[in-house]
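This briefing looks at charged side chains and how they pair. Please keep the sequence and the model open while reading.

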Amino acid sequence: MINRINFLKESFKNLKTLGTITPSSRFLAERMLRKIDFSKVEVLVEFGPGNGAITKLILEKLPANATLICFEINDNFYKELSEIKNKQLVVVKSSAEKIEEELKKLNFNKTCHIISSLPLTIIPEEVTDEILEKSFHVLENNGTFIQFQYSLTYFNKLKNVFNQSISLGFEPLNFPPAFVYHCKKVG
């Protein structure tokens with residue numbers, strides 16, 4: 001009984017800080033990445049990679065000369081990601097709103113894609129506004145910002161930032177089922 005109570009406490013703690021109680025499914029990862037032409041990727045950024053469920057699939061698809069930069073602020077996840085042995089992976093212990101500074105430190109100015117698993121609905125609005133604005137700024141023209149959420153609450157905000165260039169998908173084979181926002185920087 002005590003183990004079950006501890007499990008529930010830990011699950012609710014994860015929900016509050018991470019936005020979910022379970023890692024993303026391979027089905028969700030595949031849906032998020034399916035529109036990316038990996039043969040053209042040079043620099044790809046991932047926000048909130050957690051335990052690396054999506055990160056590992058990105059690394060499988062990444063061409064040999066490309067770089068994946070993961071932004072993770074959770075100490076445990078940062079440590080877990082840092083243990084992945086792959087020369088293409090750069091794990092940064094920094095918040096997503098520092099994307100411009102962190103890319104410059106790594107001698108990059110732009111990225112072609114940003115994959116985000118950030119729980120936007122539980123992050124303060126001023127922080128999400130900054131993350132979205134800076135993400136738009138560092139994306140190359142025709143670059144994409146791909147975000148999953150468990151609700152449609154961010155559809156209009158993303159639509160405004162990406163000037164209406166947004167499509168919506170749904171992945172039922174994830175727990176919980178998730179919406180995938182596919183935003184494109186046009187012009």
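Predicted model: local features only at pLDDT ≥ 70, side-chain atom pairs only at ≥ 80, totals over all residues.

Side chains of opposite charge can pair when their charged atoms come close. In this model the count comes to twelve salt bridges, and three of them are described below.

**Arg-26 and its two partners**

- Arg-26 forms a salt bridge with Glu-30, in which the closest N and O atoms are 3.7 Å apart; the two residues are four positions apart in helix H2 (residues 26-33), and are thus separated by about one helical turn.
- Arg-26 is partly exposed, at a relative accessible area of 47%, and Glu-30 is likewise partly exposed, at 28%.
- Arg-26 also meets the side chain of Glu-60 in a salt bridge, with an N to O distance of 3.3 Å, and this pair links distant parts of the chain, since Glu-60 lies in helix H3 (residues 53-61) and Arg-26 in helix H2, 34 residues apart.
- Glu-60 counts as exposed because its relative accessible area is 54%, where the cut-off for exposed is over 50%.

**A pair within helix H6**

- Lys-134 and Glu-130 are joined by a salt bridge of 2.9 Å, N to O, and both belong to helix H6 (residues 125-138), where they sit four residues apart, about one turn of the helix.
- Lys-134 is buried because its relative accessible area of 16% falls under 20%, whereas Glu-130, at 31% relative accessibility, is partly exposed.

- Through salt bridges that share partners, Arg-26, Glu-30, Glu-60 and Lys-61 are joined into one network.

How values were computed. Residues numbered from 1 in each chain as written. Heavy atoms only, no water. Salt bridge = Lys/Arg side-chain N within 4 Å of Asp/Glu carboxyl O. Buried < 20%, exposed > 50% of the residue type's maximum accessible area, 1.4 Å probe, protein only.
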